[in-house]
Amino acid sequence: MSDIGFLNGRFMPLEQAMIPVEDRGFQFGDGVYEVLRTYRGVPYQLEAHLARLERSAQAIGLSMPYRVPEWREFVKEGIRLGGHDESKVYIQVTRGVAPRDHAFPAAASSTVVMTIRAMKPLSQVLRETGVGVIMMEDLRWGRCDIKSVNLLPNVMAKQRAQEAGAFEAIFVRDGLVTEGAVSNVMVVRGGVLATAPEGERILSGVTRSVVLALARQEGVTVQEQAVSLEELRRADEVFLTGTTVEILAVVRLGGAPIGTGRPGELTGLLSARFRASLG
Ligand code: PLP
């Protein structure tokens, strides 16, 4: 088992993967990324992640060096070379290396990086007891639907959460809940599941789509509608969704309990259905 790096078509031990100082991803955050994971060694929702990578790249006018079938093969080969029980695959595409100038370079080819590491499961205790979150004003830019590598607000928010002894920071913009620093946020009240609608204010999570589909299959009313901070506070249940968190109950908001202060019933049901859907 080893951590694997991939740089512009070549696999290597991760510590050997290096990019030049003038890479635009490094200097401008001029790039997009994806994170995906395996279950039983198989990349989960690979097509959805690759489609979102293409959408993100297109939104910033970045030409993709590989088509989907090539990506698919590279991802699978990286997972095979890593040999981990379960892998976490990070993919990043930047506008490449060029003398520093804000406008797009006339002739630079994109830089493609992948890392393949062991996927460490979240602690069972957190899964069973749920987690605390803090609120943060959403100071990010207006295109949060693009999975860009500009993550400074998310980094600051996660750090603030950690310092407060919380697991995640939930962003609020104009009094409305957008999403977490690394997750989407779902709110249950009176048996209805609500979450921020797709659009430029949130990343359309792959896990979000899976969980909403599972909820609908269970006959749950789903509202893809803005949720206010007040509604979040008064919710019966709140949970996070995301590739790394999967479905994770939120039981405290800024120190105050949510609902009973324990993971809720619908959260438990959807977690069970999600597990079962993994085969
Ligand atoms: N929102 C943000 C800001 C994220 O960074 C992530 C995951 O990285 C998500 C939501 C969840 O997306 P996904 O379920 O595709 O992992």
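1. The model is predicted: local features need pLDDT of at least 70 and side-chain atom pairs count only at pLDDT 80 or more, while totals for chains, interfaces and linings use all residues. Residues are numbered from 1 along each chain as its sequence is written, and side-chain values use heavy atoms, with hydrogens and water left out.

2. Eight helices and 16 strands are assigned to the protein chain; these are DSSP runs, numbered from the N terminus, with helices being H or I of at least four residues and strands E of at least two. The radius of gyration, taken over C-alpha atoms, is 19 Å, close to the 19 Å that the globule rule (2.2 Å times the number of residues to the power 0.38) gives for 279 residues, so the protein chain is as compact as a globular protein of that length. Its C-alpha trace spans about 55 × 40 × 35 Å along the principal axes.

3. Of the 279 residues in the protein chain, 50% are buried, that is, under 20% relative accessible area with a 1.4 Å probe, protein chains only.

4. L214 belongs to helix α6, residues 206-217. L214 counts as buried because its relative accessibility is 9%. Leaving aside neighbours within four places in sequence, L214 is in contact with L270, R273 and F274. Between L214 and P99, the C-alpha to C-alpha distance is 48 Å, and the two are 115 residues apart in sequence.

Conventions: Contact means heavy atoms within 4.5 Å.
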